[in-house]
Amino acid sequence: MTKEIWTDYSLPFGTIGPLMTVGEILEKNIDAGYNAYDEYTNAALQKFARYASDFLSNPHPRLGRDGSVCPFVPEALTKGLLRIAASQVVAVDEIENEMARMLAVFSQMKPVMSFNDRTGDWIYKAIIIALPGIQDEGEINMIGQLQKRLKPDFIQEGFMIGEFYPGCPEPGLHNRMFRPLDTPVPALAIRHITKYDAPFMLGSDKCLEAYFSIFGDEGRRRIRQLLERTG
């Protein structure tokens, strides 16, 4: 794990620009580092910030359940624990290296997870790395492939890696016709894993093994219930 850890989120970190809250992006907050990005990248950040504030934080008629699209995002925005940065990197190996560096940053960002407190504010913490330089279909498909390849290793360490990109086919949990990860800007996200992530473990023995290693009998019970419901 790198020893370089972001201490001032308004400054760039390697090839990644300032790490701003959704509110700071929407406000175009110069003190938070908004001016460090060019006009094109700021436009991409604005799109993703609005996706978080206007879409993920609200109900949707096709969601298939009550509440917001992502039940954690409203509180994350209120607490300022969802941060977004951008990188123009497009090579898959460079993106993979950046996500490893961001994992080190994320793990030391406050609030730090405590295994003795599974309900603390750390559950709302997330980093999203927008990748506006990725535009053609081949590069966009690579985002999904990279996410699936890294996912088991992230889970083993207690984290989740999420994918967002134009045309993302991943369906919603309660409506298979709903596409909540179809975003105008490609991105990858990091957050802590929770016991509620059981549905995202299905279909991968490696992910299940890692999930069980963290949540033990509780995790096995949740997976068993899911399998019983799906037949």
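Which residues does Leu173 touch, not counting residues up to four places away in sequence? Leu173 touches Pro199 and Phe200. The structure discussed here is a predicted model. The chain has 231 residues, and its secondary structure comes to 6 helices and 5 strands. The points below begin with the chain as a whole, then turn to the sheet, its strands and the loop that holds Leu173.

**Overall form**

- Read from the N terminus, the elements follow the order β-α-α-α-β-α-β-α-β-β-α.
- The radius of gyration of the chain is 17 Å, which agrees with the value near 17 Å that a compact globule of 231 residues would have.
- Along the principal axes, a box of roughly 50 × 40 × 35 Å holds the C-alpha atoms of the chain.

- Strands of a sheet pair through backbone hydrogen bonds, and the pairing is either parallel or antiparallel.
- In this model, 5 strands form an open sheet with mixed pairing, and their order is 1-2-3-5-4.
- Strand 1 and strand 4 are the edge strands, since each of them pairs on one side only.

- Strand 2 covers residues 82-86, and 5 of its 5 residues are buried.
- Leu82, Ile84 and Ala86 point one way from strand 2, while Arg83 and Ala85 point the other way; the residues on both sides are buried.
- Strand 1, formed by residues 20-21, runs antiparallel to strand 2 and is joined to strand 2 by 2 bridges.
- Within this pairing, Thr21 has Arg83 of strand 2 as its bridge partner.
- Strand 3, formed by residues 126-130, pairs with strand 2 in the parallel sense over 5 bridges.
- Leu82 has Ala126 of strand 3 as its bridge partner.

**Strand 4 and strand 5**

- Strand 4 spans residues 159-164, and this edge strand is mostly covered, with 5 of its 6 residues buried.
- Strand 4 and strand 5, the latter formed by residues 187-192, run antiparallel and are joined by 6 bridges.
- Two residues of strand 5 may be located by what faces them: Leu188 stands opposite Glu163, and Ile190 stands opposite Ile161.

**The loop with Leu173**

- Where in the chain is Leu173 placed? Leu173 lies in the loop between strand 4 and strand 5.
- Leu173 and Arg220 are 47 residues apart along the chain, and their C-alpha atoms are separated by 19 Å.
- To return to the opening question, the contacts of Leu173 beyond four places in sequence are with Pro199 and Phe200.

Terms used
Residues numbered from 1 in each chain as written. Predicted model: local features only at pLDDT ≥ 70, side-chain atom pairs only at ≥ 80, totals over all residues. Heavy atoms only, no water. Helix = DSSP H or I, 4+ residues; strand = E, 2+ residues; numbered from the N terminus. Rg over C-alpha atoms; globule rule 2.2 N^0.38 Å. Buried < 20%, exposed > 50% of the residue type's maximum accessible area, 1.4 Å probe, protein only. Pairing = 2+ DSSP bridges. Contact = heavy atoms within 4.5 Å.
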